[in-house]
Each structure stands twice: as structure tokens, then as C-alpha cells.
Amino acid sequence: MSKKMHIKLKVNGKDEEFLAEPRELLIYTLRERLNITGPHIGCETSHCGACTVTINGKSVKSCTMFAAQADGAEVTTIEGIGGPDNLHPLQEAFREHHGLQCGYCTPGMITRASKLLEENPNPTEEEIRFGMAGNICRCTGYQNIVKSIQAAATEMNAAKEAAE
Amino acid sequence: MKDDITRDERVENLKGMGCSRKRVEDARFTQGKGNYVDDIKLDGMLFGDFVRSPYAHARITNIDTAAALEVPGVIAVLTAADLAPLGLHWMPTLAGDKQMVLADSKVLFQGQEVAFVVAEDRYAAADGIEAVEVEYEELPVIVDPFDALKSDVVLREDTVGEDGKPTDGAHGPRKHHNHIFTWEAGDKDPTEEVIANAEVVAEETMYYHRTHPCPLETCGSVASMDKVNGKLTLWGTFQAPHAIRTIVSLISGIEEHNIRVISPDIGGGFGNKVGAYPGYVCSVVASIVTGKPVKWIEDRMDNLMTTAFARDYHMTGKISATKDGKITGLHCHVTADHGGFDACADPTKFPAGFMNICTGSYDIPTAYLEVDGVYTNKAPGGVSYRCSFRVTEAVYFIERMIEVLAIKLNMDAAELRRINFIKKEQFPYTAALGWEYDSGDYHTAWDKALETVDYNGLRAEQEQRVADFKAGKTRKLMGIGLSFFTEIVGAGPVKNCDILGLGMFDSCEIRIHPTGSAIARLGTISQGQGHATTFAQILASEIGLPADSITIEEGDTDTAPYGLGTYGSRSTPVAGAATAMAGRKIRAKAQMIAAYLLEVHDNDVEFDVDRFVVKGAPERFKTMKEIAFAAYNQAIPGVEPGLEAVSYYDPPNMTYPFGAYICVMDIDVDTGVPEIRRFYALDDCGTRINPMIIEGQVHGGLTEALAVALGQEIAYDDMGNCKTGTLMDFFLPTAWEVPNYETDYTVTPSPHHPIGAKGVGESPHVGGVPCFSNAVQDAFRPFGNTHTNMPHDHWRIWKTASDLGLHG
């Protein structure tokens, strides 16, 4: 065990401050320390994306980042994307288009998709497939995930247009 | 009394069978509020993890745990020596064998569990694992089952008797000390005679490689022994929670009523979570020893290297036919590599599962199957990865043999299938290897599939492509993959299907609440199939209450009726049938209540969507909602209060879903990269409960089929090192590699199932693997290819092209 580090994070809008060993992984911090269990662990090697969160505006796999590396960062997990009273269009679209089955990849999938649509509000199917290739789903075969993201994009663009 | 809505609207309001009801599970999953086993937290909970063997075969001469116990945060270290006094250092497998929980003086595969370190958290457990000192003495490693059957090296000491001869195994005599069982079906001599005298015989040897179900969530458990009340609660990734409860009781001696097993949300199973694993047992023992809850969660490497591989079948086939293509006989021999322990999850009487469905969809008069199970220094398992017991192997075998025969006959493979299909009027059909197929209409499905894809047009295009390739105009070949599969699912009839003596029935218990809503509990457990959605639909149609008013609950053995769980596409065929039957009991009682309320004889009312109406006077009725309330507030002579029912359903037969798949693929011979241009999947799963969910199951199963056929593999080197322990090496397709699929269907209801449903979750995998493989092989057929083994990754495809001289 080595000396603990003083780490500050803003997670889903809430300030968090704690002492942690340098080796503590961010996914561990989220799940075990902060009880934010939406992000999941699937592979520990950055391949599956079940642990995807947004850090300072970028999609990051929290299973291969130390909490210390995120010191001072803003972290958004699925819990910060939408809840019962403010569902994100992606959360509705995944349900509407059967974009999930066992649900294990879903938080990471939606978290990544939310960034993808920020980066590219009108993605083609190819762009969605490429942009989501860091997130593995074992159940759906992706076809309905693509459909869900397309539907959410349409919905979000229409809402944006209506607001303008 | 009059309705203000039409009958059609009443039907629609129920959201019963046949509609694409949106899933009730999705709200929690999309908001990060699923409750998987690793999400469970209990006061004072400890974390346990394994010291694992780096060797595939070694004697353990010493384990020193002293240094580990000094590591901060480490609470205890368990070894076989600690478990032996309790009789828990070995445990029974579902296949009649036994398996070491912790290494008992030797290890038989790389990654085997040697010691269990219990600590305050995962980091402390990892530190403790590093500090455990194990001394190994390496032994000769056998990774090939054919070598195993020739070797003097004894892998399992319990296979040699005091007389030095092989002991009997769970399924009869052993042929050799590393041999587990021989299992036969069909008639040997007549089959050999038919083949010896046939006009045409095609032979092929094929290896269905070792792979892994690899659900995104690994296996894990949390055990909590309450010493005050003597109760053990065990949460875990269990596809069969009741069976786990019984096993835990049998091996621990804790009475079954004092054990509560809970399967929370499960992040995919695909067969990986059927068996019992050392981690489950160790979490229980550690909780008993420490008096605290103990969690065990695999990491991905543990998962791929140790729990539940699938396949590893070396298959040799002979198929005979007349000159014009009528099949006369089929012979199949399998050498099955089971690894260090026989830990398959098959019904007891079927050590090779339902491999004897390998005559497929064809009317083959004579057949013989022989399977030899063998021990090697590889991980134990042999589970059915997204298929009913070994059905994937069987269907791959026959769908390859058909292609090989077509080549031998110089005949179109689609036509060869057509002339050999079991005809509609032959059902129920008894196959040469024993099964009675309940129903089917293969010709209709096949014709629809061929017509939809314009099969003749595709063959013409392929011919042109070959000409262009030969003329140097293109470097891409075109393959047309065909597959017509018949599955055997829904195990199964108690008369011939049991696991550890537990009959493979399933169950449903329904309680109707006074205000007309309900809860139904089943002996199964969803791992993504959407049971909470679809079982409510079955009930809605059966009892006339809206699906939205019915809660479905599974996975808690304290509340759910006993059942054998979810795998082998058995939930809808067995528990779905129990649900319908329990619903009918509710309806029968409701009929009496309705008749009483309407002041007519029981036989004078009839069920209509959501109510009972007086025959001939539809304006006189009682809705199921009204009847539910009456069940709780009326004193009805001769009728007990309340409205509940339970059904334990013992299916009279298996169900036999089938389908026709066609894949069109372009293959770059210089890079070995296959590009799937089109995939058409027609499934017949009988009555369709929720088309949206069926389609989702088909997409997912096809993608797992693509993975297995085109690259997914558990591979070992000669030293028994697993070379595919991470997702870097083990292929899971991403959105980038997966095509869009076209789905289609026919409906041939099962004649013996209460609602005619057959199960669908595994069909696309079973039918998909040979379809993808056949597409690759078909592309090379014009250049002399008859068969190459899967997985057809880029390297192997390139190698095939190279071996055929296509690289100039």
C-alpha cells in the first residue's frame, strides 16, 4: 500500500472529495466508494465499454483510468444523463426500439451515444457504427442500438429546431 | 351493461400475445438502476478471490499462506486442506463427475482454483493473492484428446482402480484412464451396411473449435450466512437458482429451507451461468468461516479461462445417398474434449446432450452416432452456448455434411436439402436417432427463403464472379451460405430429462389481487430475454387482465415455485406452458364466480377477451376485474375465497423450432476479409408472443453465430497455456463488424404446447453458425474446397485461398 492521495471530483454535478491509493481505478471509485453502480465492469482492458463515463466532455473507459488521473475533473455517468423525471431522448429511444436486452452494456452504451450525438448530431449509420465500436453488446446484434440512436438523433434535432 | 369500447380495443388494451409490447425491464436498465450481483452491498461485506494455477498440469507440493495472512486487509485464506474436513474440497458437477473446488494436491488446467483469499476489499485480496506461495511440480501436459487416449499419463487419479485398470465412469465403462464415457444412439450395424453398399458416400472430418459464451457480466456470487437464524442467503449469476439451492444443500448439509438463493438481474448468460463453480462454494464457506457476507466476482480473464467453455468437438461423418441425391444413411463419431473435469450441463441421461438431433431436418432412414468424452489439461465445461444441449454441434455437423454431399454429387445444395426434407405430412416424425419431431413445414419455409433472396439470381451472379475472378477482373469471391436447421428445445419431459435427479419440469404461481392486478412467479430467470414482458403477455391473453397490471417475478427461491431455470430455450416451452396452464386454472375458478354473480349455471357463461359473458346474451357479463374483487368479498357457496393458482408443467415432448437462413458474402482473397452483404433469417418458432422481442433475439443470436464462425476461439498452446484470455484475443464483434439482418417467419404451432410456442432465443445461433461457415466454404467451392475448419478468421480465410493456389 502506498500513500493515499487527496482527490477531488465533480460527479453528476456533485462535489466529491476523498483520500485514495494511487492505484484506485475510477470505476472502483464510482461503484464502491460513491455507490454509483450504473457503469459496469465487463473486461478491465478497455475493450467492452460497459464502464464508459464522460470526463470533461470526452468518453472515457473508467476501468482503465486511475481516480487520481481524474483529479479535478467533471464526471458524468448514466445517472447524470437522465432519470425518472428527466429522461434523455436516448433512454426513451432505447426502450422504444428494443435497443437493449440484458441491460449490462446499456449504461455505457447510452453514455457513449450521448457524446456521439453531441459531437455529431446527424450521424449516418456508418458513423454511428464506427462511433459506437468501443462499446460491446452481447445480446442485441447492434441493429436496434443503431436504430435507437438514429431515432434519438431525430428527436433531439426536432426538439432543437422547435426551440430555435 | 354496455361497453364504450369495441372488442378489438379490449384486445388491444390487454397487450397480450402477438403484440410488440415494449419491455417493462427497460426503465431500470436505461437509467443505470439494474441490480446485478456486483451491485449488491451488505454491511461488513468481504471480497474473496482466487490464487490460480499458472500450470496446466502440476502436482502441488506446498501452499504457504502465512505471508498472505500478514497482508493488511486480508482476513482468511482457504485451501483444500481447510475444505477437506467439511467434504467441500470437491463438488459434484452437473454431468455426474466431480470437480475440485480448491486444488487437491494437483491442478489439471491453467487457471484452476488453488486458494481463496478473503479480504476487506478487492485490492487487499489482490495483494493477498500475490503473497500466497505455492510450490508446483510440473507434470506432462495433454491438450489433445486423441493424445489423451493414447497416453500413459493419468490425468485423474480416480479413473484408475486398485487393479490398475480404468474404473467405471458415471456413464459406464471407460475405454482408457483418460476416457470419460461412450454414448451411442441409433443402429450401428445397419448404418454401416447401408453406407458400405451405397451408390454415393461423402466423408468429412471437422473440428468444432472450443469457444466461450462470454456474457458481458462475468460470474459471481455474494454469500451471507446468518449464524443467529441459521439461514444462508446466496445471490449469484445463476441461470438455475433452484437447482443451485438444492446443490448447495446437498454439499453443505444446510437444510434446503434454510437456504435462500437469489438470482438478481443477470447480465447475459448464454449457458455460462448454468453450472456450479468453485467461486460460489468458496463464497459460502468463507461466509460461514468469517461470519460476514463474502462476495466473489470473476474478472474477464478468470471467466474466459475457467468457467464454462463450449464445443471442442472433433466430428467424423459419413453420409450416403443414391445417385440422384436421396440420403440413405448417416454415421457420426465425436471425440469430445471435456477438459480436466466433466462439467457439462446436460440432462443426466444425455452426456453428449441432444447431439442425436444430428440427422437435422432430413428424412434419413438409418443413422448411428457415437460420442467419446475425454479428459485433457484444459478448462472444464462443455456448456451449451446459446443452444439447447449440444444442438449447435449437431446442426453444424449435418449442415456441413449436406454441403459435402452436394459437392460429391455435383448437385445444388439447396436442391439437395429440398429433396431430403421431412415432409409436412410426415409429422409427428420419428427420426432414426430416436426423437419425435412434433411439427414442421420445411418446404414452405425453404421456398419462401429462396424466393425472397432470388436464389437462382445469386447463383448466376456467383458464376459470373468466378469467371471474372479467373479473368483477373476482381479479387473478390462470392459465397452463398445456406442453412436449414431443426432445433430440439424445451427440456424436458421428466420421464427422460433430469439434472442431478431433478425432473426438468417448470412452474408458475399466480396471485390475482382484489383490484384486478396480479403477480406471477416462475421457476425460470431472465438474462435479457424479457420474461417480465412476455410472460405477462401470455397471462394477459389467458386471464383477461392487462399485461401492464401483471408483475412477473423470478429468481428468488424463497418466493418462486421450484423450476429448473433458463437455458436450452426452455423458458417459453416449459415455464411458458406452466404460465398458460396456471392462467387456465384461474379462469376456471373465475368462470364459477362469474356464473354465481350472473345467477346462471357455470356452463352458461363463456370467456371473451377480458370477461365472462352469458352465452347468447353478451350484454350480460362480468369483467375479470369485477370477478377478481368478487373473489375476495363474496361468500360463494362451494368456492373458496381468493384467486390463486399454481401449475407445475411436465412437457409431453420437446419442441422443434426450425428455420431457413441464407448469407451472401464477398471475400477478399488477398486480405481474407469477409464482407457480409446480406443475411436473411426465416424462423418458425410456432406461436409468436412478442414479435419485437423475437426479432431482437434473432439479431443477437446471429451476431453470436457470426462471432463463433468468423473468429471467436478459446485456444491453447502445447503447454496448456490459454492464449485467448482477454477481449484483445477473444473475438466479440462490435457494431462495426456486424451487418443488418433481414428477419422473416412462418408459423407452425407446436401441437402439444398449450399456446403452440416453441422457443426462439437459440435458433439464430444454431442456424447461424453453419450459415456463416457455409458461405465462406461456398466461396471457395468452385476452386476445389470441400471443408475447412472454423473459426474463419482473416488469417484462416487467407490461408484457404493460399492453399487453393489463388494467390498466384
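How much area is buried between chain A and chain B, and what percentage do carbon and sulfur atoms give? This is a predicted model, in which local features need pLDDT of at least 70, side-chain atom pairs count only at pLDDT 80 or more, and totals for chains, interfaces and linings use all residues. Residues are numbered from 1 along each chain as its sequence is written, chains are lettered from A in the order in which they are written, and side-chain values use heavy atoms, without hydrogens and water.

**View 1. The interface of chain A and chain B.** About 4600 Å² is buried here, and carbon and sulfur atoms give 54% of that; buried area is the accessible area (1.4 Å probe) lost on putting the two parts together, summed over both. Chain A brings 51 residues to the contact and chain B brings 53, with contact meaning heavy atoms within 4.5 Å.

**View 2. A salt bridge between the chains.** Here Arg31(A) meets Asp38(B) through their side chains, at 3.6 Å from N to O.

**View 3. The largest pocket.** Its volume is about 910 Å³, the space filled by probe spheres set on grid points joined across faces, edges and corners. A pocket is an open set of points on a 1 Å grid over the protein atoms alone, where a 1.4 Å probe fits, with protein on both sides within 12 Å along at least five of seven lines; lining residues have an atom within 4 Å of a point. Among the 37 lining residues, Glu44(A), Asp49(B), Ala126(B), Asp299(B) and Asp302(B) are the closest to the centre.

Note on methods: Salt bridge = Lys/Arg side-chain N within 4 Å of Asp/Glu carboxyl O.
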